[in-house]
Every structure is written in C-alpha cells, then in structure tokens.
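Subject: Handover of a structure and notes on it

Dear colleague,

Please find the structure below for your records.

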Number of protein chains: 2
Amino acid sequence: MVEVEGVIEAYNPEGVRKFFRLRPSKPLALYVIGSTKTSTIPKISVAGATPQATMFTPALDVEYLVYGRTVSMKGIPVTPEGIPTPAVLTRAVLNTSNLPFFAVDSGSYLEPKIPKITLPSKTVGGRIDIEEALPEGTSERLFNEAKAIGRTLLRCCDVVAIGESIPGGTTTALGIMVSLGYRAWDLVSSAGPQNPLDLKRRVVTKGLERCKDLPTKDPFKANDCLGDPVHITMAGIVAGALENDLKVILAGGTQMGAVLAILKRLNFELKDKLIIGTTRWIIEDPTSDIVRIVKMIDKEVPIAAFDYNFSDSPYEGLRYYEKGFVKEGVGAGGTALLALLLGRTSRNDIIKAVYNEYGNLIRGEGPEG
Amino acid sequence: MVEVEGVIEAYNPEGVRKFFRLRPSKPLALYVIGSTKTSTIPKISVAGATPQATMFTPALDVEYLVYGRTVSMKGIPVTPEGIPTPAVLTRAVLNTSNLPFFAVDSGSYLEPKIPKITLPSKTVGGRIDIEEALPEGTSERLFNEAKAIGRTLLRCCDVVAIGESIPGGTTTALGIMVSLGYRAWDLVSSAGPQNPLDLKRRVVTKGLERCKDLPTKDPFKANDCLGDPVHITMAGIVAGALENDLKVILAGGTQMGAVLAILKRLNFELKDKLIIGTTRWIIEDPTSDIVRIVKMIDKEVPIAAFDYNFSDSPYEGLRYYEKGFVKEGVGAGGTALLALLLGRTSRNDIIKAVYNEYGNLIRGEGPEG
C-alpha cells in the first residue's frame, strides 16, 4: 500500500513516507554534468551513439533541458540503438510542474551553450583504468566549490533534487565505492539490458593496481584516483544543502551509492534529510542491486522510485525503456518524485507529459523549432 | 512622508509605494560581472587602486560576496584612496537577511574562484574610444542567454534584484544611451567626488565617430559598438524575469539608464513591474542626475533609494562614503531595498550589519580568515 500514487517505496518505506509527508514549498533541481574518458572505453557505456559521442552527451542533455533541442550539435543523445536520452523525461517533468532548475558544470568535455553554473575547478575526468581520474587536489576543490552553492543560491529553497549526466558514471561510481572500501562489485547498473559487469570490474581492478594505498577512508584521495568530477560535486552540493537545512533528493540510480559513500566517509548524518530518488527500471533491474548498495553504505537512507511505465506509449523509442534500455539519468526519477512531493502534478500527468514531449521532439516541434 | 523606514522615494513616489506594498516571498539577487577595457583609460574609473587593477575588481567583488574575503588575489577592491568596495555593504545585507544570491559572469577579465553562472558568450569589452565594445552579434547572444535564465532558475522566485560590477560602467552606459538616441551627456555618476564628465564625453564622442549609423534604434548594434557585456546581460535577465511574472529591482545608479534604454528599444512594458533601486548617495550626487535620465527614457519607472548613512560610522573607510566616494555598486542600494521589501530587516539593522562586516574585514576576521 503506497502513500503517494506513483511513488514506489523501494527501501526503508517508513523513511520514504516520512519524507513524502514533508510539505516543502520552495524546490530547486540541479543537474551536475561532467565527462570521464572512461566512457570512451569500447562497450562500457551506451549513453551515446558511439564511444566518442558519449563525451558530448552531458552538454547536449542540459541544452535539451533548457531549449527542448540541442544547440552545439544536431540531435539529442541516443544509445547506439537510437533510444533517446532520459533528458526527455526530465524536461517533461520540469515544464509540466514549473520546477526551477539549473545545470552545474563540473567538467563537461563540451561546454553547453546555455547559462549554467560553472565550478572554477571543473575538469574532464581521466580514463580510470590507465590514468588518474583527476589531478591531485581537484576532488577536494570541487567538493568545496560545490558546497559554496549552499551559502549563496540554496538559500532560495527548502528542497533540492540533484541529478547527473555522466556517461561511464556507473563504472567510476564503482571505482569510488570500491576505493572507499565498499564491495560494490556486480551491483551497479547500466544503460543497456546487457550490463558489462565483467568489463567494469576489469577497468576498476586495473585502476586499483595503478593507485597506491587503496582502499582509503579519504574520499578526496579515492576520487582523485578512481572517480570523476560529477559524484564528488553532487556530494558537495548535498553538504551545502544540509548546512542550510534543505531536504535532499539524490536523483539517480546505483551511482548514488558513490555519493553516499563520499558523504559517509565525511561523517555526514543523513537520517530524515535525504532520500535516493530513482526510477522503477532501476529497482527492477536484474543486473544490479541498488538496495544492497545502500544497505552496505548507510542503511538509514530510504530509496523511492517513480513508477514510470511506457508500455502503452505510442512511441517505440519510449517503449524500449521497458526492455531495459536507459533506465535512469539526468535525474529522470528524482525529478518526478520532486514534482509529486510538491503536489504539482500526478503520476499520469507526468507520463502524458513525457509522451507529449517526445512526440513534439520526433515531429520536430520542439519549442524552438 | 515615506511609507517604509529607510526607503527614499526619489522619483514617482506612488510607483515606489505600490511596489513596496507587494508581498513577495521568494527573492533572488543576481550580480552581473564583466570587464570593459574602457576602465583602463587613466582617470576614468576609481573602481580599483590603479587603472589596471580595475580589470580585477568584478571577480574580486563577487569572491568577497561569497567568502567574505578575496581568493584570486589578496585584498578587496579599493579606490586609489583605499576606500572599500560596496561589496562590503551588499554582503552585509545578504547575510543579515539570508537572501539567496548568485554571480553571473558576462565577461570578467579575471575568472572568479566561486561557483557562478557563466554565459556561453561571455566576452571582455573593448576600449570604446578606439575599438568595438563587443564582436558583432555578441550583444544579442548575451541578451538571449541571459533571458534563458528566466526559463530555468528564475522559476524559483517572485522578485529578483539585479546588480552589477563593471568598472568604467558609467562611461559605457553613457555610450549605450547616447547611441540609442538619449542625450545623457553630463548626467551619469562616478565613484569619486570629482566626476570626470569631460573625459567620459571625449571617450564616447570618439567612439561615436568610429561607429557607423549611430544613433540607432537597435540596442544590440548600439551595444556591440559602444557598450559592454554587463548592461545587455542585465536587460536579458529582466526580459526573462518579466516572462515569468517576477518583479524586478534594477540595483544600481545612473548606469541603470542604459538597461532601461535597451529594454525600451525592445518595447518592454515596465510599468508596475520594475523599479530602480539605488542609494541616497546617487540621489544626492550633485555631478549626475538619475531622475533626469529615467524621465528621458521611461518616465513610468520609479526610483527608490536606500537611506544609507555612515556619518556615525566608527570606521574612516565608510565615512568617506559621505564625502562622495563610491556611492553605489554591486547592487548595494537595491539589495538593501530587497531586504526591506521582504520585511527581513530594518534600516538600522542593515547599517549596523555593514559596520560589523567592515569591522571584521579590517580586523582580518573574515569568516574564512
């Protein structure tokens, strides 16, 4: 028996219900973008039509959020099969619920042609099997810069959803968790029905051999070595939000375990303050286990999932989501949960809005042509 | 007889009162920073210890807003006499009233080491007496990029104050107004008691000779030729705010005439939607005339001023403000008016907060050392 229509109480249902009984009125959604060259390892990521194209995906995703079309290049990000980016879902939710949002650039390979928050230490992440993820010290700087958003912008708000776009992100998230001592092997998800778990394990194992003194309790060291720019930035925003007494929705799938691991190692108390917000497809993914990840890192953190279902979609591109493609990204699940939390829309209206958004897109009727 | 303690109804008092009867609850303050090489013309700007130092002032101003100290270089911006930047006033107001704020980089010579909104077309402005202000097309792009903040972030809010930091800004503002056909000669203010009006006239006149087909009704053309990155960006944010039904405080002195002129030429209707918010020092400046500027451009726009008075300050640096130094900048006046509009503080508490802020600063007790 769920309390809010459309909300799946995937883990710690009492915590989920408590969260959904809050009555926040001033929301903000932030989408952290960044690249890691790890995504160019063949077959590791399908968040782009080719391994090289994955480097452009984060910028194109947030351009699409703002304009309903991409600006820097033609066409929205798709998987090699042509299945559209979850930015389509996120944009539909944002607009149907009039949610304020902004992109945060922590190290996008391509600079999106939109107004966005830029962190001074933004850096494209390295290929973690063969090189350091970030130059020494970068992770701590990114964390602190992101945290500073708490003392400026986040004063606007009482709840924030924090999403991500980083192809290769489940692999670097695995790198972060493992180097912080969490055995998350075989637990992370992927954007395809075939999860290349063996490849991810090989990449992270090779990276571990490259790095000294791992595992460590120091999340900055772990992230410089085996992480990426995005997850540490998300953790920094959480830190800034908690300082301002905001409630937080970590809007993503199994990767959110990396954010939790960083926060845990920095001794943040998350109980009653933060939930993970994802999609049904992540919860039901037979190749990964978000619940086990969260239990391992911080068993107090609830997991909620938005009950997307595109089985009856008139569009094939969306019906593929029901076959294990894409699953999550650009905060698609958590943004929908934020809209429900605010009482601004219903499950059915969100799904209708996604169909409408995608329909306009494939008919070339984006708001700007 | 003023309606709100601390608010001087400088022009269109009925309009000011109407604005202060609004009951907004979701504020945001944005500070647009940018550089123009015009500020390096000797004696034209005192917003920096030397003509070259003025190029660093915008970045240092917003670093100070966030951290209470500068990060990129040692020491806050000062005039050649050592009088401190009005960022000190603004920071005191922001913190005492817990106002959300963010910097917008439209073309700062030095990149501030803070999280900030970056516009893709950010460009440092040229020296308008001898070269174009911005490469052709830049002004229109900056305007549209800034306007896009309206469809993302500004959904958070019902009122926005927009301030600026651009040394040389009264000269480029004069350039914008004159090239749009407004005879603002001798009406713009300055940050010193001696206003170099003849020099400003010579610089703008020389620039006019350089440009073809001026005056024009096209604000993008005018701004590419004789403007700067900041005022056109402020106009773009106003456009985005009006699209979202926000109320607007244009937080600045005589330069705000340039923003009005741009909006007027783009046919924006500003009645009951926007006020100019400045300081008593601008209103009382014998060397400039903000009221005449506004009457000339859009006589419906009210002007309110915050009644700062540092006569009884224990600090000499602030007492200099009463002798005609600084006067305005970094939205010092409009931010205080925003705090009063929200009912979050009182005139006396603001002045006390400024003394406290400055005291900490000169004792080296900024929050981060």
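The notes below begin with the conventions and then turn to the chains, their contact and some individual residues.

This is a predicted model, in which local features need pLDDT of at least 70 and side-chain atom pairs count only at pLDDT 80 or more, while totals for chains, interfaces and linings use all residues. Residues are numbered from 1 along each chain as its sequence is written, and chains are lettered from A and ligands numbered from 1 in the order in which they are written.

Overall build

Chain A has 14 helices and eight strands; helices (H or I, at least four residues) and strands (E, at least two) are DSSP runs, numbered from the N terminus. The C-alpha trace of chain A spans about 50 × 40 × 40 Å along its principal axes. Of the 369 residues in chain A, 64% are buried. A residue is called buried if 20 or more other C-beta atoms lie within 10 Å of its own, exposed if 12 or fewer, and partly exposed in between, with C-beta atoms placed from the backbone. Two residues are in contact if their C-beta atoms, placed from the backbone, lie within 7 Å. Among contacts in chain A between residues at least 6 apart in sequence, 80% join residues at least 24 apart.

Strand E4 (residues 116–118) of chain A pairs with E4(B) in the antiparallel sense over three bridges; two strands pair if DSSP finds at least two bridges between them. Within this pairing, A:Thr118 stands opposite B:Lys116.

How are the two copies related?

The interior

The largest nonpolar core has 262 residues, and A:Val238 and B:Val238 have the most contacts inside it. Such a core is a set of buried Ala, Val, Leu, Ile, Met, Phe, Trp, Tyr and Cys residues joined through C-beta atoms within 7 Å. Not counting residues up to four places away in sequence, B:Val238 touches B:Ile162, B:Val248, B:Val259, B:Leu263 and B:Leu274.

B:Ala235 lies in helix H8 (residues 229–243) of chain B and counts as buried, with 30 C-beta neighbours inside 10 Å. Leaving aside residues up to four places away in sequence, B:Ala235 touches B:Phe143, B:Val259, B:Ile262 and B:Leu263.

In helix H11 (residues 290–297) of chain A, the buried residues are A:Ile290, A:Ile293, A:Val294 and A:Ile297. Seen down the axis of H11(A), they fall within an arc of 90°, so they line one face of the helix; the arc is that of the directions from the helix axis to the C-beta atoms. Among the elements that cover these residues are strand E1 (7–11) and helix H9 (256–265) of chain A.

Backbone details

Most residues other than glycine have a negative phi, and most peptide bonds are trans. The bond from A:Leu214 to A:Pro215 is cis, with omega near -5°, and A:Pro215 lies in the loop between helix H6 (197–210) and helix H7 (219–226) of chain A. The bond from B:Leu214 to B:Pro215 is also cis, with omega near -5°.

A:Asn267 has a positive phi, near 65°. This residue sits in the loop between H9 and E7 of chain A and counts as exposed, with 6 C-beta neighbours inside 10 Å. B:Asn98 has a phi near 50°, also positive, and is partly exposed, with 13 other C-beta atoms within 10 Å.

With kind regards
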